[in-house]
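Visitor: Please pick out one part of this structure and take me through it up close. I would like to know what surrounds that part too.

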Amino acid sequence: VAMADVLGNSVHAMSVTFAMIGMGTALRAAGVVSPAGQRDMSQVAVKLLLPAFNFSALVSEVTWARLQSCSGVALFAVIHMVLGLALGSMLCCLCRSSAFMQRHRGQVLVLCAFCNGTAMPLTLFRALESAPQLKDRLGSAAEGALDITIYGTVWRLLLWTVGIALLEADAAQEKAKVEPPTGEEPRANGAEPRKSSFRRLVRAALLNTNTIGSVAGLAIALGPPGLRWLVFEGPLTFLREACANVAKASHAMLLLTLGAALWPIPASSDWRAVSGVCVAKLVVMPFATLALLRASTGLGLGAVGSLVVAIEGCVPSALQVSMMVQTVGQDSRTCTVICFWQHVVALLTMTTFVAVALASLF
């Protein structure tokens, strides 16, 4: 396979991403976007644009037949999350000298557990599928796109339930250290904060707009035919089209907001956290995925499904994580720096791992 094509597509996709992030940073540095404005942009993206994107993607592309045919890929979305949570926990235990990892365990767990689930995998799969040596083995590009869509369906639900709950718990612990409950004496440094309310975490996981948008999309896509008719051919067609139009702005707003959040650029970074997450996400996770693929012959993934799972296992953390950190009231700059460097390092690690995966799987 022409690895130069894979690398070229990866460099192009990431260059576009970095350019858009840079535009957001420039807007913030020039004073066009104020700190309050940046927070408002983040809220618009998380409360409206991303839910509209989740709803539109699920309502249009998911069916019971597709879910059943891609059940092995869907299962790997859960496996990747569990494996990432385990890697993140090990990282926090091993890197006790990292202030970020000790103070923001939830952010580390989410960064390790949730990858860029759709956009980057689609780019890589299309680059590989176009290679003459793989066309006969992979079949149509539509099958790979379907697998990535189903993986992304499960990934979105997990990210905005388990992921947001972990970040909420992280924020609650940080706040408890700084602002002890009324009537209690302030805690000394290092004292354990009170446990987060389980009810609050459940509410954060299930009643956020992204979860609601995803559930609504699945309910229409998998529900009774009459409900689907209302949205696709009946009087609610306008609502589906409006959500689709709003969803088109989600990616641009996400990257611009992340760029704005990077200013002012941190004077120093926790390089132990940066390198630790990069190693866990871009080195350990890919090869653990490959080992699991070789052991999971009973899932019926096939050539396309195996390649999609391998790609999902080697891509960087989801950029949405940085925005989610902002929504729970925490400083997202370190998280954004970690995501930034992951995307730089991934140019080398993804190309190397894809070559190894192809040699192993095919």
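Guide: Start with the word helix: helices (H or I, at least four residues) are DSSP runs, numbered from the N terminus. Ala244 sits in one of them, helix H13. That helix is our part. A word on the source: this is a predicted model, where local features need pLDDT of at least 70, side-chain atom pairs count only at pLDDT 80 or more, and totals for chains, interfaces and linings use all residues. Residues are numbered from 1 along each chain as its sequence is written, and side-chain values use heavy atoms, with hydrogens and water left out.

Helix H13 covers residues 237-247. Look at Ala244 again. Its relative accessible area is 29%, so Ala244 is partly exposed (buried means under 20%, exposed over 50%, partly exposed in between, with a 1.4 Å probe and protein chains only). Now find Ser60. In sequence, Ala244 and Ser60 lie 184 residues apart. In space, their C-alpha atoms are 9.8 Å apart.

Other residues of H13 are hidden. Thr237, Arg240, Cys243 and Ala247 are buried. Look down the axis of H13: these buried residues fall within an arc of 130°, so they line one face of the helix (the arc is that of the directions from the helix axis to the C-beta atoms). What do the buried residues of H13 pack against? Three helices: H2 (35-61), H12 (225-232) and H14 (250-261).

Follow H2 onward to H17. The axes of H2 and H17 are 10 Å apart, and the angle is about 115° (axes are lines fitted to C-alpha atoms, for helices over the stretch in contact; angles run from 0 to 180 degrees between N-to-C directions). H2 and H17 are therefore roughly perpendicular to each other (65 to 115 degrees; under 35 is roughly parallel, over 145 roughly antiparallel, the rest oblique). On the H2 side, the contact (heavy atoms within 4.5 Å) is made by Gln38, Ser42, Gln43, Ala45, Val46 and Leu50. H17 brings Gln320, Met323, Gln326 and Thr327.

Stay with H17, residues 320-327. Ser322 belongs to this helix. Its relative accessibility is 0%, so Ser322 counts as buried. Set aside its neighbours within four places in sequence. Ser322 then touches Leu258, Ser332, Cys335, Thr336 and Cys339.

Two further helix pairs are worth a look. Both involve H16, residues 302-312. H7 (residues 119-129) and H16 have axes that come within 10 Å and cross at roughly 135°. H7 and H16 are therefore oblique to each other. H7 supplies Pro121, Leu124, Phe125 and Leu128 to the contact. H16 supplies Val304, Leu307, Val308, Ile311 and Glu312.

Next comes H4, residues 71-94. Its axis and that of H16 come within 10 Å, crossing at roughly 20°. H4 and H16 are therefore roughly parallel to each other. Here Val73, Phe76 and His80 of H4 meet Gly305, Val308, Val309 and Glu312 of H16.

Last, check the confidence. The mean pLDDT (the predictor's confidence in each residue, from 0 to 100) of the protein chain is 83. In all, 86% of its residues reach 70 or more. Among the elements, helix H6 (residues 105-113) has the highest mean, 95. Helix H8 (residues 132-138) has the lowest, 63. Over residues 183-196 the pLDDT is below 50. Beyond near neighbours in sequence, that stretch has 17 contacts in the model.

Key
Helices (H or I, at least four residues) and strands (E, at least two) are DSSP runs, numbered from the N terminus.
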